[in-house]
4 protein chains.
Amino acid sequence: MLVSAKRVSEHGGRTFTEEARRAQIVRAAIDTVAEHGYPNTSFSKIAQRAGLSSTGMISYYFAGKAELFDEVVATVLRAAEEFVGPRIQHAQTYRAKLRAYIESNLDFMAKYPGHTLALAEIIIGTRDRDNVPVGAINQATASIDALVDCLDKGLAAGEFADVEPRVMAVAIRGAIDNTLRHHMLTPGVDLESYGSKLADIFDRATRSAS
Amino acid sequence: MLVSAKRVSEHGGRTFTEEARRAQIVRAAIDTVAEHGYPNTSFSKIAQRAGLSSTGMISYYFAGKAELFDEVVATVLRAAEEFVGPRIQHAQTYRAKLRAYIESNLDFMAKYPGHTLALAEIIIGTRDRDNVPVGAINQATASIDALVDCLDKGLAAGEFADVEPRVMAVAIRGAIDNTLRHHMLTPGVDLESYGSKLADIFDRATRSAS
Amino acid sequence: MLVSAKRVSEHGGRTFTEEARRAQIVRAAIDTVAEHGYPNTSFSKIAQRAGLSSTGMISYYFAGKAELFDEVVATVLRAAEEFVGPRIQHAQTYRAKLRAYIESNLDFMAKYPGHTLALAEIIIGTRDRDNVPVGAINQATASIDALVDCLDKGLAAGEFADVEPRVMAVAIRGAIDNTLRHHMLTPGVDLESYGSKLADIFDRATRSAS
Amino acid sequence: MLVSAKRVSEHGGRTFTEEARRAQIVRAAIDTVAEHGYPNTSFSKIAQRAGLSSTGMISYYFAGKAELFDEVVATVLRAAEEFVGPRIQHAQTYRAKLRAYIESNLDFMAKYPGHTLALAEIIIGTRDRDNVPVGAINQATASIDALVDCLDKGLAAGEFADVEPRVMAVAIRGAIDNTLRHHMLTPGVDLESYGSKLADIFDRATRSAS
DNA sequence: GATGAATGAGTGTTCATTCAT
DNA sequence: AATGAATGAACACTCATTCAT
């Protein structure tokens with residue numbers, strides 16, 4: 001049997017050009033959601049931004065609306081993880097890891113505000129056919145679980161005091177996301193300086209009340 | 001000229017039945033958004049839930065989609081304010097007011113989870129024709145501003161240490177909202193117990209690092 | 001048998017107040033058509049302009065859309081006839097009557113531009129259920145017939161030369177109506193001065209070519 | 001890159017089939033307006049007549065109602081110009097040109113009564129959002145201006161006497177259009193014979209009163 | 001593999017009319 | 001006699017998806 005001339009990437013047996021097209025569409029989808037909001041995002045707006053002549057192309061490359069936005073979410077999360085992950089791992093103490101988590105998240109937002117905004121819109125707006133916001137479960141819990149894990153270990157190591165890890169993790173994640181939202185509405189805000197201040201808040205919150 | 005037999009309420013010269021219908025539609029809209037998500041909410045879904053024969057009825061009572069959802073937002077915010085306001089005013093110190101703010105917000109969410117969920121979806125999903133999420137600005141800043149004011153006064157009174165009021169306010173609001181979101185996804189969570197724990201977190205965060 | 005307390009006018013057994021309401025609605029309809037055009041004229045626009053609280057009132061006083069606009073047409077034609085008729089009758093020769101017809105028509109238009117505009121829009125736009133513009137037939141032929149009659153008699157009296165009455169009548173009527181239309185689009189035009197010039201044209205056209 | 005297999009016409013980068021569909025829809029629109037009148041013309045009536053499965057197809061090929069009817073007007077005017085133009089240019093004197101204008105206009109109407117009728121309805125019925133019948137301005141003034149120009153030149157050449165060009169032009173145009181209207185209502189009329197008689201009228205009207 | 005064309009259900013909104021009171 | 005409320009069909013238009021080529 002001959003090997004196919006078209007090289008196939010590791011992603012579900014797709015060719016390189018196929019993968020490139022998908023990436024192009026995903027990028028256009030991110031930008032469109034960021035600009036128009038998820039409810040106002042349609043295939044035709046995405047196709048237009050991607051420079052495609054018809055919406056049929058999108059359906060050709062993605063099985064449906066759900067698959068496209070799943071890929072969008074995955075893409076943004078992957079980018080965020082690549083940006084944030086190393087900085088957390090590089091930190092020595094759990095307290096330092098917590099600070100790195102908060103600050104690097106805000107740095108990522110500052111660098112890719114559209115990505116983060118689109119992510120939030122899609123996660124909140126997407127539901128499966130049982131009306132359960134299924135994408136949200138995966139993503140939100142994944143992000144939260146990582147934080148919980150960090151807090152758990154820090155507690156065990158005696159670095160944090162008086163912390164209920166899950167409550168704290170949910171609060172931190174919400175604080176980070178809301179900071180972006182606040183930033184989008186009041187453009188004067190400097191996200192980077194917010195990072196260290198936000199980190200300060202939760203640094204203090206994880207100390208004993210003394 | 002005799003006084004009209006139809007009694008007119010204080011709301012913009014509308015009759016009682018008119019006001020009742022509007023309230024009925026607003027209620028149905030809240031429930032529909034909470035269940036299906038804002039992007040999947042249509043007039044026909046709302047009409048169906050409200051037991052109306054056609055979507056035309058909704059257009060008959062509301063000038064447009066925007067007016068309906070403006071009223072939804074206003075209704076939920078009014079309810080929240082009535083619930084939360086007195087508890088904050090009743091607290092004596094600013095530190096106590098902060099705790100009351102957090103706890104009563106979570107209590108409100110526990111009591112009317114659909115209201116709060118719908119509110120968040122609409123605020124995030126609604127944009128004006130310049131793609132600016134205009135409802136969000138009004139509401140979000142209003143809620144944030146109230147918190148900032150409380151923190152400012154507490155700082156002046158020497159009750160809080162090391163606080164940058166706006167950063168802190170944004171964080172608190174985000175933590176509260178995300179707690180609801182987390183609660184919706186993982187139904188086991190007890191919102192009321194979360195309230196005091198969340199209050200603890202920000203109580204500690206507003207103390208001096210010692 | 002007792003006489004009804006409500007006085008009844010000669011118009012199909014309607015009371016005075018009824019007739020007043022109808023007149024009020026007809027007036028509002030004329031203005032609305034003149035301003036928005038016949039295709040954009042709806043009962044709600046008319047009701048609004050007439051100061052009525054609901055469109056139901058219009059349906060209450062008029063059996064349907066057709067009856068309302070029939071009355072509008074009749075009203076405008078009656079007004080025009082009252083304005084134009086005496087001036088024609090007062091003229092001594094048929095040539096003078098023709099001039100009087102043209103000039104007084106343009107004077108009427110100058111005085112009630114909305115009426116004439118609305119009339120034209122409705123006549124052109126209205127069809128019965130067989131798609132025949134039925135109102136138009138009645139009105140247009142009535143107006144044309146009067147002109148034809150005048151030209152016929154003038155011909156018999158030897159005042160006009162080389163005239164095919166119907167062709168001429170249609171041309172005159174069209175010239176008059178188009179002058180109004182032209183006036184509406186280019187507001188600088190002085191309708192009154194146009195009247196004598198238009199009369200000159202057809203005065204010459206009815207002379208022998210010699 | 002290879003040249004696309006789909007051939008593209010010169011009209012705004014549209015393909016042949018696209019252009020064909022548009023023409024088909026425009027044709028159906030003309031017929032529908034001629035039969036039902038402009039106010040009673042809807043996308044669904046047009047789609048039905050064009051043999052299309054849904055009104056969505058029309059929106060697919062035309063950006064909106066306005067674009068469709070703009071194209072209808074342009075199509076009819078183009079056809080009329082192609083029909084009328086050469087006959088006017090072929091005439092040697094301005095007096096002959098005037099006769100050619102009137103007669104060829106009526107010949108066109110006799111050949112395409114639906115086109116002309118539809119044109120008149122759309123022009124009269126269409127307004128922009130300031131209630132200005134904008135299409136009318138362009139078309140009516142264009143047609144009038146051509147006539148005015150002819151009369152001006154004829155005056156300068158000493159062919160016409162005692163003529164106020166604009167008044168005369170408006171009268172001629174109105175006479176022509178009204179003749180069509182009259183013809184539609186009373187089908188016995190022979191438009192072609194009307195043409196020479198109408199030309200006679202304005203031929204006489206442009207001679208000196210002697 | 002790629003695409004332009006087509007589909008049909010769905011969107012919010014307006015319409016003239018009816019009806020119970 | 002008069003009216004506010006309600007109706008349901010129709011409106012122009014957009015949607016994600018399918019399909020023949």
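**Notes on the structure**

1. Arg22(A), Glu67(A) and Glu71(A) are joined in a network of salt bridges, a salt bridge being a side-chain nitrogen of Lys or Arg within 4 Å of a carboxyl oxygen of Asp or Glu. Over all chains, a search of the whole structure finds 48 salt bridges.

2. This is a predicted model, in which local features need pLDDT of at least 70 and side-chain atom pairs count only at pLDDT 80 or more, while totals for chains, interfaces and linings use all residues; side-chain values use heavy atoms, with hydrogens and water left out. Residues are numbered from 1 along each chain as its sequence is written, and chains are lettered from A and ligands numbered from 1 in the order in which they are written.

3. Within chain A, Arg166(A) forms a salt bridge with Asp145(A), their closest N and O atoms being 3.1 Å apart. This pair links distant parts of the chain, with Arg166(A) in helix α8 and Asp145(A) in helix α7, 21 residues apart; helices are DSSP runs of H or I with at least four residues, numbered from the N terminus. Arg166(A) is partly exposed, at a relative accessible area of 30%, and Asp145(A) is partly exposed at 37%. Here buried means under 20% relative accessible area, exposed over 50%, and partly exposed in between (1.4 Å probe, protein chains only).

4. In chain D, the side chains of Asp107(D) and Arg87(D) meet in a salt bridge (2.9 Å, N to O). Asp107(D) belongs to helix α5 (residues 94–111) and Arg87(D) to helix α4 (residues 65–90), 20 residues apart. Asp107(D) counts as buried at 17% relative accessibility, whereas Arg87(D) counts as partly exposed at 34%.

5. The contact between chain A and chain B takes 44 residues from chain A and 44 residues from chain B, contact meaning heavy atoms within 4.5 Å. The area buried between these chains is about 3700 Å², of which carbon and sulfur atoms give 64%; buried area is the accessible area (1.4 Å probe) that two parts lose on being put together, summed over both. In chain A, Arg127(A), Leu185(A) and Arg204(A) lose the most area to chain B, together 17% of what that side buries.

6. Between chain A and chain B there are 2 salt bridges. Glu164(B) forms a salt bridge with Lys197(A), the closest N and O atoms lying 3.5 Å apart.

7. DNA strand E is surrounded by 33 residues, the closest being Ser53(A), Met57(A), Thr17(D), Arg21(D) and Tyr61(D); a residue is near the strand if one of its heavy atoms lies within 4 Å of it. A backbone N or O atom of Phe43(C) lies 2.8 Å from a phosphate oxygen of DNA strand E.

8. Ala118(B) lies in helix α6 (residues 113–125) of chain B and is buried, with a relative accessible area of 0%. Leaving aside residues up to four places away in sequence, Ala118(B) touches Ile30(B), Val33(B) and Ala34(B).

Terms used:
A polar contact is a pair of N or O atoms within 3.5 Å; within protein, one must be able to donate a hydrogen and the other to accept it, and residues adjacent in sequence count only if both atoms are side-chain atoms. Helices (H or I, at least four residues) and strands (E, at least two) are DSSP runs, numbered from the N terminus.
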